Amino acid sequence: MASDKTASLHEKIDHLLDTSNLHETFKLLRRQLSTQNNPLLQDKLNTLEETYKYMIHYMVEGYNDIGRDAMISDIIEQLHMVNDSIERNKTMIDSPNVYSATRRFENLRKSTLNQHLEDYRAAHSKALLAAGTEGSLSIIKDADTALSSLFSYIWTMYGSSAEEYKQLKNAISSPDFPFEAKSQIISALLLGNLTYYDRNALLTLIDIYDTDADERLTARVLVAITLIIAAHPNRVKQDKKLNARLTLWKDSIITYRRLREVIMNVIRSRDTQRISSKMQNEVLPELMKLRPEMLSRLKDITSEADLEMLDVNPEWEELLSRNGLGDKLKELTEMQMDGGDVMMMAFSNLKGYPFFNTVSNWFLPFSISHSEIQSLNADILEGMSLLLEMQGVICDSDKYSFALSLATMPEAQRKMMTGKMGEQMAQLKEALADKRLKSSLPVFDAEVTLYMRDIYRFFKLYPKRNEFYDPFAKPLDFMNLPIVAEVLDDEEILNLVGEFYFKRGYYAEALPILLRQDSAMGADPLRWEKIGYCYNSLQNIEQAITWYKKAELLNPDSQWLVKKLALCNRLLNRFDEASEYYTKALISTPDNYSLQMSAGNCLLEAGNLKEAMSHFYHADYLKPGKPATLRAIAWGELLNGNMEKSISYYDRITLLPEATQADFINLGHAYYLSGNIKKGVENYTKSITRPGGNIETFEKEMLGDMDMLEKSGKQPAEIRLLIDKVKYDANS
């Protein structure tokens, strides 16, 4: 395995190339190659350096070379490839990772792409002829194995000849080459390119995109191209020839439409983990809590008609509304209708079958003819028809999971499972059908969504996923992707992405989009509110206030803005400003308990005790006896010198089960300041025995209140004596 020193040198060379420091790059690469016996790479490096020297010579001689920039770009890209090849060769010597082990196996076999293609064609033809005959299963298995081997070769073919890439393009353009094989070629090129950037592989994918008419295949190719560009933006940006090729996309309306769908699906994948977490941690636990009550309501129901009535029974709506479960289910449904992947959690536990130990199987289009499916018994195969009907609903990886799981179930459970799934999918299929009617590219859109989910599952669930670069590990910054950003440079996509991020609570991602929109468009107080809210959520309170105030200028009567400005000023300890906003908010809603309390607290902090107490008493009138209100009044009266009132309120508080150590300390203060030192000490001592109370906290609180006690006429020395008295009493 490559050492850390080698890896850091690889990164250093990459940085030198990014800054066009080629002289130092040649020197370091030559040093690196001196430790390897690789004449091909050495010859390539020598040729590149000679070309670079000639170019410098012609420049010095005064020749005007209009292709110089493109030539430098090409040299830089080829030097990147030499650098990557050196690191790859060192890593593959003894690395246990899946990529290196797969490539070592291919090297031992001395296989070629042409050999793999011919082996697959022959095996596939035999499988087609043998279908339905006795002993066909082993022949089908041979075809599946040949396709998996083809995938492995293409996945690890980095640095192969231009001729081999041409063979791939020819295979995909061949009408007799099956869809699943073409799809596997695309997935293998994607996976290989995420490991080591390969310009030839990317150009091959672009060629396929530009020439193929199959919408499903085009969808997969564009997904692959987008993820590769997102993984290697600097390499793509530096490559002038590649940029010139991709720039042609800017004139294609259909490419804009397709690319927008791909980008939105990558962005929506960000929600997958949150959806799964919500189901796992919120929905399922609440459903389990309701299970006993559900069973008790079902026990007397016997007829099918009664069961059907439960679907519209208001009692069930009331049952689901408890603890907000109904709202959570509604939110999940809305996410699903927006393209959210609610299937991830359900199928994530079904990826433990040996079938998923093979990398290529994670990307394999579902086929009832696959040997793993054909090996199941007839009853299970009959149930597979349900999967085939779910076009556009379940991704291929999950279809294989479902099929393999049915094989482990008793017959009765299997029939119930397929029946229930059919019922649950019917409504979703109908909703998706409506969505497809609104799409100008329904086949393309559906394939993008399902293929993206297959890819996502591999990078999140494959047992050795940590060995791979995860394209979903960080948010997609599509506005800074080379070419992609230029193709999608319009307000429509910015609105779609910005609204998605903001609605889902991804404020760090929403903010730059909103700011970009603000710089390009006219005044919009609603957008300014959103920008302020993003800053607010990201704890940049100063900026939040700036944008909230900007929105306030055009929307001065917004209660939402007034409350936000009050809260933000309070967070920055600007209590006078916060008080003004709370007072303004209370003009229209004087009986709002929370606002009354917030206004009182801010006024108290600002030193306006009289006004603060007015708000606290109003709050107590609105919701009598709330502990928070009682504490506020008790403390306010203490500061006001009304010890008798303060004691009466603290006496009420300390009788409550939720009374804290601080409550007894404050009651002790009230007695102490009223002149009753014994009762003060008694309550100070009681504070230590409260749940969670201790001497250390008591002393810390007393020292923290020292200024207040001194302002009330008590001497520091006397306060210290009291603290020690309580310590002695507590230890006696």
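Me: How much space lies in the second largest cavity?

Reply: General idea to start: rolling a probe the size of a water molecule over the atoms shows where empty space is left. In this predicted model, the second largest cavity holds about 70 Å³ of space. Its lining has 13 residues, and those nearest the centre are Trp155, Tyr158, Gly192, Asn193 and Asp198. H9 (179-195) gives the most to that lining, with four residues. By class, the lining splits into 10 nonpolar, two polar and one charged.

Me: And what is the volume of the largest cavity?

Reply: About 90 Å³. Of its 11 lining residues, Asn265, Ser269, Thr272, Asp341 and Arg453 are closest to the centre. H24 brings the largest share, four residues. Here the classes come out as two nonpolar, six polar and three charged.

Me: At roughly what angle do the axes of H27 and H28 cross?

Reply: Two packed helices are described by the angle between their axes and the distance between the axes. For H27 (residues 507-520) and H28 (residues 525-537), the axes come within 9 Å and cross at roughly 145°. The crossing is left-handed. Among the residues that meet are Leu511 and Leu514 from H27, and Trp528 and Ile531 from H28. The contact as a whole has 10 nonpolar, two polar and three charged residues.

Technical notes:
Residues numbered from 1 in each chain as written. Predicted model: local features only at pLDDT ≥ 70, side-chain atom pairs only at ≥ 80, totals over all residues. Heavy atoms only, no water. Axes fitted to C-alpha atoms, helices over the stretch in contact; angles between N-to-C directions. Helix = DSSP H or I, 4+ residues; strand = E, 2+ residues; numbered from the N terminus. Left-handed = near helix turned anticlockwise from the far one by under 90°. Contact = heavy atoms within 4.5 Å. Nonpolar A, V, L, I, M, F, W, Y, C, P; charged D, E, K, R; others polar. 1 Å grid on protein atoms, 1.4 Å probe; cavity = no way out; pocket = protein on both sides within 12 Å on 5 of 7 lines; lining within 4 Å. Points joined across faces, edges and corners; volume = space filled by probe spheres on them.
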